[in-house]
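Please open the model in your viewer and keep the sequence beside it. The stops below say what to select next and what is there.

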There are 2 protein chains.
Amino acid sequence: MTPPHPFDNAIHLDTIDGNVRRGRTHPEWANQVGPFGGITAAVMLRAIETQPDRIGEPLALTVNFTAPIADGDFDISLQAARTNRTNQHWIAELSQDGAVTTTATAVFGVRRGTWASTEAHPPTAPPPEQLIPGGPSPSDFIAWGRRYDMRFVEGAFPGEHAQPNRSSMSTLWMRDSAQRPVDYPALAALCDTFYPRVFLRRSGLIPSGTLSLTTYFHADQQQLDALGGDYVLGTAYANRFSGGYFDQSAQLWTRDRALLATSHQIVYFKG
Amino acid sequence: MTPPHPFDNAIHLDTIDGNVRRGRTHPEWANQVGPFGGITAAVMLRAIETQPDRIGEPLALTVNFTAPIADGDFDISLQAARTNRTNQHWIAELSQDGAVTTTATAVFGVRRGTWASTEAHPPTAPPPEQLIPGGPSPSDFIAWGRRYDMRFVEGAFPGEHAQPNRSSMSTLWMRDSAQRPVDYPALAALCDTFYPRVFLRRSGLIPSGTLSLTTYFHADQQQLDALGGDYVLGTAYANRFSGGYFDQSAQLWTRDRALLATSHQIVYFKG
């Protein structure tokens, strides 16, 4: 029997009652403190997907990282704040021993055939097969980095003797190391794989952490099915750093120029 | 006695108890259905500001528009999901007769002196004094449009014989018509003044509505004080339209190139 993929382990949830799911942290997804934020976003989204009365597909997810998650079990409580004909609004809270560590809101909705246009443009990049993984990478420092095959086009993780960069932009191809097919939880996690932009600007591991992460899901199920476990092209940049905080925005693209998701976050940093 | 400014009327709240504030809709801020989303975002943020145990200034606000708000009173319930040393996470719900119409999460935090850099660039625009307000505008259709003096640089509200645009970008100077000084609630409202980008691409009033709006506040109080009631330069664009939904992102700048806020939303549309 093939052992389950680490991502499936991480988003596995037990039903405690109609509105509560229980999950647990996994060492494969550890960050410097607590789990990788992307896996927390994924498990919050997955919890809503397990609700039998859920309507449609994910459109938007906001996750607020309120406190570190300790190793061990956690409970996710779910509340459908509003159910409309074609969309549904959710509130979720992840807690450990009664203390909230993560809050989230999500919008799910039914996708319909409409006029469509992708106005944004993917970044220019050679195919992933022409890029060699290597050089300094998050996987040298954190367990979850090894869950992804990352091939940087620009803005690679700063090495020991890196100089400060004038640009905070990173562009990279990435895929799940075991090529697990991308579903909505996996897409939510991929949107948070971009290391804090302040590392690039200040050329080092500046203490920092995401406070709030918002992702808009543009891909429909058919596009995810076509993607499978292939590489996605990600790009991320920051707009402004000040007062100990900065924002960063990201886009995820397929090889054939489909925009899968846009994602934004606000991050605190020291120094 | 000078009558209160319409914005101050709209964000006025009565304290019902420690965690509940009562407000009401005002015809000056009416949209086609219910109030202008920006004024709802503003009043949610204001409600948190009235909490005596609130820490710091707004960093992030996500507002989910779950159902239309009817004319009349509404209650906003507040919960501090987590209080840390230098930041605080809030959950808020706006309800009428016990039914939730709006949910929100917010992050407040203390700003500190740190390394700072604005990496984004403001759009090119002549000064607002060189632009003449006029032409078709939201104020021809909706009451709240008259609360703002809007001077478009590009991407003006499409008129009767407008052709579809290839770009969804609008850039405009805008200020409160009565030059009320900009505070955080006013900044939250300004971020939602950009009409739905699908109007520009499809050259018409396509039925549409914001589902979820996230704003990151970059300005500190000193920058808001310096701005006062002056014009801000706003720019907004969409990334992808598909399946009946699209995202749009916006930036607000001062004359002296300070990035006050970045804001993102997902919008449903028909057709």
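This tour goes through a predicted model, one selection at a time.

**Stop 1: a residue in a strand of chain A**

Select Phe217(A), which belongs to strand β10 of chain A, residues 208–217. Is Phe217(A) buried or exposed? Its relative accessibility is 1%, and buried means under 20%, so Phe217(A) counts as buried.

Now show what surrounds Phe217(A). Setting aside residues up to four places away in sequence, Phe217(A) touches several leucines, including Leu45(A), Leu59(A), Leu61(A), Leu187(A) and Leu260(A). Arg111(A), Tyr184(A), Ala60(A) and Ala188(A) are also among its contacts. Pro58(A) is another residue that Phe217(A) touches. Along the chain, Phe217(A) and Pro58(A) are 159 residues apart, yet 6.4 Å separates their C-alpha atoms.

**Stop 2: a salt bridge in chain A**

Select Arg24(A) and Asp73(A) together. Their side chains form a salt bridge, with 3.5 Å from N to O. This pair links distant parts of the chain, 49 residues apart: Arg24(A) is in strand β2 (residues 20–24) and Asp73(A) is in strand β4 (residues 73–83), both of chain A. Arg24(A) has a relative accessible area of 24% and is partly exposed. Asp73(A), at 45% relative accessibility, counts as partly exposed.

How many salt bridges are found over all chains? A search of the whole structure gives 24.

**Stop 3: two salt bridges in chain B**

Move to chain B and select Glu57(B) with Arg111(B). The closest N and O atoms of this salt bridge are 2.6 Å apart. Glu57(B) is in strand β3 and Arg111(B) is in the loop between β6 (99–109) and β7 (117–118), so the pair ties together parts of chain B that are 54 residues apart in sequence. Arg111(B) has a relative accessibility of 17% and counts as buried.

Next select Arg151(B) and Asp149(B). A salt bridge joins their side chains at 3.1 Å, N to O. Both Arg151(B) and Asp149(B) are buried.

**Stop 4: paired strands in chain B**

Select strands β2 (residues 20–24) and β4 (residues 73–83) of chain B. These strands run antiparallel and are joined by 5 bridges. To find one pairing, select Arg21(B), whose bridge partner in β4(B) is Ile76(B).

β4(B) and β5(B) make a hairpin, with 3 residues between them.

While these strands are on screen, follow the side chains along one of them. In a regular strand, side chains alternate between the two faces of the sheet.

**Stop 5: a loop residue in chain B**

Finish with Gln51(B), in the loop between α2 (37–49) and β3 (57–65) of chain B. Gln51(B) counts as buried because its relative accessibility is 5%. Its side chain makes a polar contact of 3.1 Å with the side chain of Arg21(B), the residue that pairs with Ile76(B) at the previous stop. Apart from neighbours within four places in sequence, Gln51(B) is in contact with Gly18(B), Asn19(B), Arg21(B), Leu78(B) and Trp90(B).

Notes. Residues numbered from 1 in each chain as written. Chains lettered and ligands numbered in written order. Predicted model: local features only at pLDDT ≥ 70, side-chain atom pairs only at ≥ 80, totals over all residues. Heavy atoms only, no water. Helix = DSSP H or I, 4+ residues; strand = E, 2+ residues; numbered from the N terminus. Buried < 20%, exposed > 50% of the residue type's maximum accessible area, 1.4 Å probe, protein only. Contact = heavy atoms within 4.5 Å. Polar contact = N/O pair within 3.5 Å; in protein donor to acceptor, adjacent residues only side chain to side chain. Salt bridge = Lys/Arg side-chain N within 4 Å of Asp/Glu carboxyl O. Pairing = 2+ DSSP bridges.
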